[in-house]
Amino acid sequence: MKNFLKKLLAIFGILFLMVLTYSQFYNPSNTNYTLDHSLKTQISSNTSNYIELDKLPKNLVNATIAMEDKRFYRHGGFDILAIMRAAIIDIKEGRFVQGGSTITQQLAKNLFLSRRKSLIRKFNEIIIAAKLERMFTKEDILEMYLNIIYYGAGAYGVNDASNVFFSKNVSTLTLEECAMLAGLPQAPSRYNPVKHLDKAKKRQKIVMSVMLKNGYIR
């Protein structure tokens, strides 16, 4: 097992170098968006109810990071440790089970790539994520992500989701409502609070326990 982990680490080390090199030249095509410094402006002009990060409840931001990417501020777009853990699980299962995607990778996937799971798509996802991290601040990336991610029931972005599920502007959400929203992106249909309130509340409790564990609730 130890030799296997060493080999896996070496593979990901090579992958890391390839990503850093290739991402300087790679530009995704056939999308509604262009990957350049105007990307945030492109998204804001094409997204209804776009909201800036500093107008969002801190609890919602913290809950999202806690659930989706707890090492968000410590990686450069992709998390080698998370990818390695996911790869080990996938190898054991013999299929794609864990993705190991960061918030930046999810942004890349939702803006520029298909939903089909494959090694090529995963590699391109990492490439785009590395490029996004060089072009934008963490705050910009988080803002874009929160405005485009799907929350279910036809709601894209936190402001739409807040209006759909709570009939209120996202800036007025309570801690409990923030936790419920942050739990939706992983499985929007399953945790839809309108159709499956019991499941949504169980998910909400998980989100709040993770927030507590990571020091976001005192």
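Predicted model: local features only at pLDDT ≥ 70, side-chain atom pairs only at ≥ 80, totals over all residues.
**The main core.** Start by selecting Leu-39, Leu-56, Leu-146, Tyr-151 and Leu-181, the residues with the most contacts inside the largest nonpolar core, which has 44 residues. Now colour the helices: those giving two or more residues to this core are α2, α3, α5, α6, α7, α8 and α9. Helix α7 supplies the largest share, 6 residues.

Zoom in on Leu-56. Beyond its neighbours within four places in sequence, Leu-56 is in contact with Ile-51, Val-61, Leu-146, Val-158 and Val-170. Next, pick Ala-63, Ala-179, Val-207 and Met-211, which are among the members of a second, separate core of 7 residues.

**Salt bridges.** There are 7 to find in the structure. Select Glu-143 and Lys-40, whose side chains meet in one of these at 3.7 Å, N to O. This pair ties helix α7 to helix α2 across 103 residues of chain. Glu-143 is buried at 7% relative accessibility, while Lys-40 is partly exposed at 26%.

Move on to helix α6, where Glu-125 and Lys-122 sit 3 residues apart, about one turn of the helix. Their closest N and O atoms are 3.1 Å apart in a salt bridge, and both residues are buried.

**Last stop.** Select Gln-106 in helix α5. Gln-106 is buried, with 11% relative accessible area. Show its side chain with that of Glu-68, and you will see a polar contact of 3.2 Å. Gln-106 also touches residues including Ser-101, Tyr-145 and Ile-149.

Key
Residues numbered from 1 in each chain as written. Heavy atoms only, no water. Helix = DSSP H or I, 4+ residues; strand = E, 2+ residues; numbered from the N terminus. Buried < 20%, exposed > 50% of the residue type's maximum accessible area, 1.4 Å probe, protein only. Polar contact = N/O pair within 3.5 Å; in protein donor to acceptor, adjacent residues only side chain to side chain. Contact = heavy atoms within 4.5 Å. Core = buried A, V, L, I, M, F, W, Y, C linked by side-chain atoms within 4.5 Å. Salt bridge = Lys/Arg side-chain N within 4 Å of Asp/Glu carboxyl O.
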